[in-house]
Amino acid sequence: MKVGVPTEIKTDEYRVSLTPAGVRELTERGHDVCIQSGAGLGSTIPDAEYEAQGARILPDAQSIFDEAELVLGVKEPQPEEVAMLRPDHLLFTYLHLAPDPELTSGLVDRGATCVAYETVIDELGRLPLLAPMSEVAGKIATQAGAFMLEKPLGGRGILLGGVPGVAAAKVMVIGGGVVGMNAAFIAIGMEATVYVYDRNIDRLRELDIAFGGRADTCYASTLDIEKRLPEVDLVIGAVLVHGAKAPYVVRREQLKLMKKGAVLVDVSIDQGGCFETSHATTHSDPTYEVDGVTHYCVANMPGAVPITSTYALTNATLPYVLHLAESGVEQASRENPGLAKGVNVVDGKVTYQPVAEATGHQYTELFEALGARAAA
Ligand SMILES: NC(=O)c1ccc[n+]([C@@H]2O[C@H](COP(=O)([O-])OP(=O)(O)OC[C@H]3O[C@@H](n4cnc5c(N)ncnc54)[C@H](O)[C@@H]3O)[C@@H](O)[C@H]2O)c1
């Protein structure tokens with residue numbers, strides 16, 4: 001298969017969807033890999049390192065989209081990339097379609113087959129292609145929150161860990177999955193007082209053991225969250241309902257319960273945000289204020305640390321890339337039902353139910369859509 005890697009063009013995005021190690025695995029299996037010149041530079045990978053493993057370097061995104069059958073990405077395609085998609089393209093990248101009806105319609109209109117990293121599941125129902133970036137985002141969330149609490153940045157002016165004789169700051173993490181656990185571990189490491197909220201009691205049991213008494217686990221009822229808000233300095237939102245738009249866990253009217261200069265970090269912003277007052281921001285301009293509360297809502301947090309994130313992401317995606325390149329989307333989906341869960345759009349039909357429901361498109365069962373495409 002012809003595999004293409006365009007340069008990421010989302011604001012402040014420095015990751016790349018394939019490393020030289022991935023090129024080597026693909027070319028050794030007889031696939032033809034083309035990389036847009038400079039695609040790896042944000043992750044300090046020069047063109048020559050890709051060429052040394054058998055890739056061809058092409059000058060621009062159009063040449064990549066013209067040549068490739070399988071297009072690999074990191075972030076969701078931007079409008080100019082959507083415009084380059086064709087019905088015979090297989091796109092494999094993060095899509096986050098549930099909160100984005102416009103992008104969903106764009107992909108439907110282009111007729112390409114689109115596989116979302118974030119809805120692929122493994123044999124235990126976990127999200128293997130979201131997890132590595134959630135680990136990174138969780139760790140950044142606490143770092144960013146601690147920084148934004150500093151007075152010159154508009155924060156309350158409190159040090160997360162306190163000092164002897166002065167109490168530590170209070171950190172509330174809502175959603176104790178991969179992001180939440182990593183955020184909590186960094187907050188514990190910085191010696192804050194930490195509370196982690198989730199609605200899954202089995203998950204709270206696991207966290208309780210993992211934290212070994214260094215953080216409190218709490219059931220995430222609306223009332224209990226509301227009671228905690230007046231005392232906390234930093235709230236990290238990290239909830240996820242697989243594939244769906246994020247539920248709101250802090251409402252606009254609850255902001256007035258919080259301290260002035262407190263900080264909200266909405267990691268779930270890529271699924272629409274879990275605070276009612278959130279809207280997506282960028283690394284260049286990461287925060288804004290509502291009712292005296294700083295909001296940090298960067299939708300591509302791992303993009304800021306590409307040397308870590310590119311390798312963490314591609315280590316996880318490569319086996320799926322190889323499977324798609326070897327077998328094509330239909331056979332690979334039959335052989336790996338977890339990969340089939342990643343297929344969101346086929347031939348103008350939405351094949352992932354939560355996305356269809358959230359964006360108002362009709363849902364079509366995956367193999368029905370693939371069968372209709374093959375028959376056409
Ligand atoms: N902004 C970024 O750059 C970035 C990067 C990586 C991940 N993310 C996002 O972070 C979010 C979390 O990802 P994850 O990998 O940790 O997911 P996860 O599935 O591992 O964890 C989500 C947790 O939320 C809990 N939950 C669901 N509804 C809840 C509710 N109403 N109240 C409390 N808890 C609730 C679930 O029980 C689960 O434990 C996702 O939206 C993901 O896309 C964002």
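Let me start with one pairing. Strand β6, residues 113–116, and strand β14, residues 343–346, run antiparallel and are joined by 2 bridges. Within that pairing, valine 115 sits opposite valine 343 of β14. A word of caution before I go on: this is a predicted model.

Now widen the view to the sheet around that pair. It is an open sheet of 8 strands. The order is β3-β2-β1-β4-β5-β6-β14-β15, and the pairing is mixed. At the edges stand β3, residues 56–58, and β15, residues 349–350. Each of these two pairs on one side only.

What packs on this sheet? Helix α10 does, touching β1, β4, β5, β6 and β14. In residue numbers, β4 is 70–72 and β5 is 90–93. The direction of α10 makes about 145 degrees with that of β5. Then there is helix α13, residues 366–375. α13 lies across β6, β14 and β15. Its angle to β14 is about 30 degrees.

Stay with α10, residues 306–335, because it also has a helix partner, and the angle tells us how they lie. The partner is α1. The two pack at about 25 degrees, and their axes are 11 Å apart. So α1 and α10 are roughly parallel to each other. Their crossing is right-handed. Who makes the contact? From α1 come Gly22, Glu25 and Leu26. From α10 come Leu318, Val321, Leu322 and Ala325. Sorted by class, that contact holds 5 nonpolar residues, 1 polar and 1 charged.

Just a quick stop at one residue. Lysine 10 is in the loop between β1, residues 2–5, and α1, residues 20–28. Which side chain does the side chain of lysine 10 meet in a polar contact? That of glutamate 76, at 2.6 Å. Leaving aside residues up to four places away in sequence, lysine 10 touches Lys75, Glu76, Gln78, Ala299 and Asn300.

On to the other sheet. Here 7 strands form an open sheet, again with mixed pairing. The order reads β9-β8-β7-β10-β11-β13-β12. β9, residues 216–219, and β12, residues 287–290, are at the edges. Each has a single partner strand, so one side of each lacks a neighbour in the sheet. On average, neighbouring strands are turned by 20 degrees against each other, direction ignored.

Look at the β12 end. Tyrosine 288 has histidine 295 of β13 as its bridge partner.

Two helices pack on this sheet. Helix α6, residues 131–148, touches β10, β11, β12 and β13. Its direction makes about 150 degrees with that of β10, residues 234–237. Helix α7, residues 178–189, touches β7, β8 and β10. For α7, the angle is about 170 degrees, taken against β8, residues 193–198.

Finally, how do α6 and α7 meet? They pack at about 35 degrees, with axes 7 Å apart. The crossing is right-handed. On the α6 side we have Ala131, Ser134, Glu135, Gly138, Lys139 and Thr142. Facing them in α7 are Val178, Val179, Asn182, Ala183, Ile186 and Ala187. By class, the contact divides into 6 nonpolar, 4 polar and 2 charged residues.

Notes. Residues are numbered from 1 along each chain as its sequence is written. This is a predicted model: local features need pLDDT of at least 70, side-chain atom pairs count only at pLDDT 80 or more; totals for chains, interfaces and linings use all residues. Side-chain values use heavy atoms; hydrogens and water are left out. Helices (H or I, at least four residues) and strands (E, at least two) are DSSP runs, numbered from the N terminus. A polar contact is a pair of N or O atoms within 3.5 Å; within protein, one must be able to donate a hydrogen and the other to accept it, and residues adjacent in sequence count only if both atoms are side-chain atoms. Contact means heavy atoms within 4.5 Å. Axes are lines fitted to C-alpha atoms, for helices over the stretch in contact, and angles run from 0 to 180 degrees between N-to-C directions. Angles under 35 degrees count as roughly parallel, over 145 as roughly antiparallel, 65 to 115 as roughly perpendicular and the rest as oblique. A crossing is left-handed if the near helix is turned anticlockwise from the far one by less than a right angle, and right-handed if clockwise. Ala, Val, Leu, Ile, Met, Phe, Trp, Tyr, Cys and Pro count as nonpolar, Asp, Glu, Lys and Arg as charged, and the others, Gly among them, as polar. Two strands pair if DSSP finds at least two bridges between them.
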